[in-house]
Amino acid sequence: MLAAVLLLALPFCTAKSGSSYAGSTLVDSYPPPGVTNAPAVDAYFPDGSQVGYAGPTPTGAEPAAIVTAIPFSKVENAYPLSRPNSADGANPNFNVMRQWGNLAPMYSVESFGLPDASPIIPEGCGLNAVHLLMRHGARYPTSDSGSSHFASKLHAAASKEGFNVTGDLKFLATWTYKLGAEILTPFGRDSLFSNGVAFRYRYGNLLNAFTDLPVFRTTSEDRMLDSALNFAAGFFDVRTYATDYHQEIIIEENNFNNTLAPYDVCPNVNTEDVGNFGGIQGKKWADIYLKDARKRLQPMIQGFNLTTSRLIDMQELCAYETVALGHSEFCGLFTEKEWEGYEYYVDLNFWYSSGPGNPTAAAQGLGYVQELVSRLTHTPINVWNSSTNSTLNSNNITFPLNQPIYVDATHDTVISSIVTTLNFTSLAATGPLPTDHIPPHRSYIASQIAPFSSQLVAQVLSCPACEEPTHIRFLLNDGVVPLTGIRGCTKDPNGLCALPSFISAMHERIGQIDYAHDCFVNYTMPDPDNIIDGRYPS
């Protein structure tokens, strides 16, 4: 009987030679080539304004769910994506997606240290204004990514004699690379549209305070513009959003000042030893946490060496394929422990490249914080010593100071830098991060700070019963952030800080940051790197 069982099992364990197209790139194109869009055809399909007969169209009152909606509606899933399992199998208490760092879909953070705080406006306070800084939606890998290199190297190996795969890696025999580069995936577009709808529910009432059309900002990159437009379509209306607001598009390119892409005018960000220090630190940890994975998976593939960097590529492919295609075979190759290891690998990259542990981080976020203070005080910027754009920011049309709603779209590393500049010390409380183990109860987790579609919200509140009537507080992906690291901001269960105290502290913080030095001076990273405030040690 045992022999019969072994014979039945043998076909599933045999090696499988790779097809000649394994690892090759597959690209689809829509609309079909040669599609007819001539005016003669379009005439058969008039738009709604031409057809008429719209029926009754009265509007209702604007919602203000951030004031009234108790309990608060949280982001807890990533529909319609398939939730992946680890190599350990299904576990409802372990979400692989939340281990993807900056590649994770945004989810509502429970707490950053204020367990009783809620995104809902505290009782006794009213909402004056809201400032939203959001990351673009889920995208394909960037150009020249590790994912595309993995595919091309696999394709080269599969084209040679001796390439075989078996076991859990058998799918690689016919696997093809189906990812584009840089632009939003369908899930990325959906997330931003849904975020726009949610933002209208929460803050729509503030539209009543406008006397002119809002100005929202983004950068010129394709995914940035698409994110902004999808958000606007959700916030306003698919048919009318183009005339409901003004979309400012700031050039994102080397040597163009842009607070939403400040790395283009901060040369040290783009150096290997300073700007990529997180990659250096992360590699040290990757060699540790992926050791068992390499031992387990390498025997399943011949003719292709599973180096540490290629195993990281495979973990990234799990995330990228899921947000682009809805599912990925790569996810189930790694255990829960290895996914926790990957999450920490991303944390190290962010901490040491664009977070509290990098000497350029505070300088990168400086321009946006100057803009925030300008908006909060209704005072034009008159000092140009950072990534602020003097042409746009000195014009009250392109940089208005009287809006009750501000919306800016940016990137993950920029949000990471800005929260460092804002001196959210609660996020850096357990740093510097070690490279040989995961510290317990760490405060810095990239998936909670800068996931896809991340949202940093500043609420400006009037609280008449308080000694100081106007306050500010920050929500980072729905988690209320303690502001006790900011001079003058006292401990508060709801994360409130008196606005004058906050503004005074930001003026002080702005004065501390030496942008010219941290971005332009030729220096080496401190050894050891004990930086926890994003500035080069004085």
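First, some ground rules. This is a predicted model, where local features need pLDDT of at least 70 and side-chain atom pairs count only at pLDDT 80 or more, while totals for chains, interfaces and linings use all residues. Residues are numbered from 1 along each chain as its sequence is written, and side-chain values use heavy atoms, with hydrogens and water left out.

A disulfide is a covalent bond between the sulfur atoms of two cysteines. In this model, a pair of cysteine sulfur atoms within 2.5 Å is counted as a disulfide. How many disulfides does this rule give? The count is four.

Begin with Cys125 and Cys463, whose sulfur atoms sit 2.1 Å apart in a disulfide. This pair links distant parts of the chain, 338 residues apart: Cys125 belongs to the loop between helix H4 (65-68) and strand S2 (126-135), and Cys463 to the loop between strand S8 (455-462) and strand S9 (470-476). Helices (H or I, at least four residues) and strands (E, at least two) are DSSP runs, numbered from the N terminus. The angle about the S-S bond is 110 degrees, and the link of Cys125 and Cys463 is right-handed. Are these two cysteines buried or exposed? Both Cys125 and Cys463 are buried; buried means under 20% relative accessible area, exposed means over 50%, and partly exposed is in between (1.4 Å probe, protein chains only).

Next, look for Cys318 and Cys331, joined by a disulfide with an S to S distance of 2.1 Å. Cys318 lies in helix H11 (residues 308-325) and Cys331 in the loop between H11 and helix H12 (336-354), so this pair ties together parts that are 13 residues apart in sequence. Their link is right-handed, with 95 degrees about the S-S bond, and Cys318 and Cys331 are both buried.

Now move to Cys489 and Cys497, which form a disulfide with sulfur atoms 2.0 Å apart. Here the link is left-handed, at -75 degrees about the S-S bond. Cys489 counts as buried because its relative accessibility is 6%, and Cys497 counts as buried because its value is 1%.

To see the pattern, number the bonded cysteines of the chain in sequence order: the pairing reads 1-5, 2-8, 3-4, 6-7. Cys466 takes part in no disulfide, and the nearest cysteine sulfur, that of Cys463, is 4.7 Å away. With a relative accessible area of 34%, Cys466 is partly exposed.
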